[in-house]
Amino acid sequence: MLLDSLAILAGFILLIWSADRFVTGAAATARNFDVPPLIIGLTIVAFGTSAPELMVAGFAAYDGSPSLAIGNALGSNITNIALVLGVSALITPLDVHSRIIKKELPILLIVTLMALALMRDMTLGRFDGFVLLSLLFLLMWWMTRQGIRNQSSDALTDEYIEELPDKMSAPRALFWLIVGLIILIASSKLLVWGAVNVAIELGVSELLIGLTVIAIGTSLPELAASITGALKNEHDIAIGNVVGSNLFNTLGVLAIPGLIRPSTLDQGILDRDLPIVLILTILLFIMAYGFRGQGRINRIEGSLLFSAFIAYQLLLFFTATKIV
């Protein structure tokens, strides 16, 4: 048990560090090819912040633990909205200026509803995975198109310019890209190994471990990025990171277990987890879209989101201990 816990801790530390190095190397490589900052932010950085979830999902599904991968995807979406944005809005109210984010919010809601519809038959199969992955590629194309059209006019542009890594030589950028990817793969494997063993030792489901420990751990990069963005008055990045990550989690991370290891879903996913993801996504849409003007997540709404996160964790605890 001690060795497994150490594996999880080491896996998280290496995963977070390697994901940052991977994104830095990829973003710097793109800058060397004169890719506009907005496109880098909307595609490479957005993909990179979900890289931990993608890697963990891949190894979990390959090792025969699709529930861990599904729990990671859904739990990360819940954590991103309720914890990451909740804490960020408590620090400072988050204003939405970017037109692109306002376009992404309804897309996230539609994508969440589609995922719910695909899994209503209590299975996540290869057809489901293919549909989700196809939509991910379509989303990447749309983001690239938006980046080209709005690179000089959207509020996200200046914030991404501030946050993207400084220009570095091509060999150095490629070095961090490769090193980050290798350690990302190794740490994901280590994390999945430790998590599965802990689930067996504690006698709890892999789904529960994915929804809690793994989901919170793989969402730490988003938490750090959003809090930093809030403190630096870069509100669009704080919200954009979460919206982009949830889009990639829903379309990319959920697709992986469907493609690699089709499985029957735990009843709790349909009765508890997917409805909570949908409710939180609707709340995010209502708060951030700004139907009568500029979107804004204020401190009261932030406290509501954070309270929802605590309530969900308590629900999972009571479910695990058979109290509920």
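D95 is buried, at 15% relative accessibility. Buried here means under 20% relative accessible area, exposed means over 50%, and partly exposed is in between, with a 1.4 Å probe and protein chains only. What does D95 pair with? Its side chain meets that of R296 in a salt bridge, 2.6 Å from N to O. A salt bridge means a side-chain nitrogen of Lys or Arg within 4 Å of a carboxyl oxygen of Asp or Glu. D95 lies in strand β1, residues 94-96, and R296 in strand β4, residues 295-297, so the pair ties together parts that are 201 residues apart in sequence. R296 is partly exposed, with a relative accessible area of 40%.

A word on the ground rules. This is a predicted model, so local features need pLDDT of at least 70 and side-chain atom pairs count only at pLDDT 80 or more, while totals for chains, interfaces and linings use all residues. Residues are numbered from 1 along each chain as its sequence is written, and side-chain values use heavy atoms, with hydrogens and water left out. Helices (H or I, at least four residues) and strands (E, at least two) are DSSP runs, numbered from the N terminus.

Back to the charges. Side chains of opposite charge can pair when their charged atoms come close. How many salt bridges does a search of the whole structure find? Four. Another one joins K189 and D63, with the closest N and O atoms 2.9 Å apart. This pair links distant parts of the chain, 126 residues apart. K189 sits in helix α8, residues 170-202. D63 sits in the loop between α3 (51-62) and α4 (66-91). K189 is partly exposed at 37% relative accessibility. D63 is partly exposed too, at 36%.

Next, D20 and R21. Their closest N and O atoms are 3.2 Å apart, and they form a salt bridge. D20 is partly exposed, at 42% relative accessible area. R21 counts as buried, at 18%.

Now helix α1, residues 2-32. S18 is in this helix. Is S18 buried or exposed? Buried, with a relative accessible area of 0%. Leaving out residues up to four places away in sequence, S18 touches G180, I183, L184 and S187. Contact means heavy atoms within 4.5 Å.

L6 is also found in α1. L6 is partly exposed, at 47% relative accessible area. With L2, L9 and I13, L6 makes a nonpolar surface patch of about 430 Å². Patches take residues with over 30% relative accessible area and no salt bridge; like charges are joined within 9 Å, and nonpolar side chains (Val, Leu, Ile, Met, Phe, Trp, Tyr) within 5 Å. The areas come from the Shrake-Rupley method with a 1.4 Å probe, and for residues only the protein chains shown count as cover.

On to a helix pair. Two packed helices are described by the angle between their axes and the distance between the axes. Take α13, residues 267-289, and α14, residues 299-320. Their axes come within 12 Å and cross at roughly 175°. That makes α13 roughly antiparallel to α14. Axes are lines fitted to C-alpha atoms, for helices over the stretch in contact, and angles run from 0 to 180 degrees between N-to-C directions. Under 35 degrees counts as roughly parallel, over 145 as roughly antiparallel, 65 to 115 as roughly perpendicular, and the rest as oblique. Which residues meet? From α13, R272, D273, I276, L280 and M287; from α14, E301, L304, L305, A308, Y312, L315, L316 and T319.

L274 is buried, at 3% relative accessibility. Residues up to four places away aside, L274 touches L74, L116, M119 and I269.

Then L54, in helix α3. L54 is buried, at 15%. Beyond four places in sequence, L54 is in contact with F47, G252, V253 and I256.

Last, the backbone. Most residues other than glycine have a negative phi, and most peptide bonds are trans. M122 is not a glycine, yet has a positive phi of about 70°. M122 is in the loop between α5 (99-118) and β2 (123-124).
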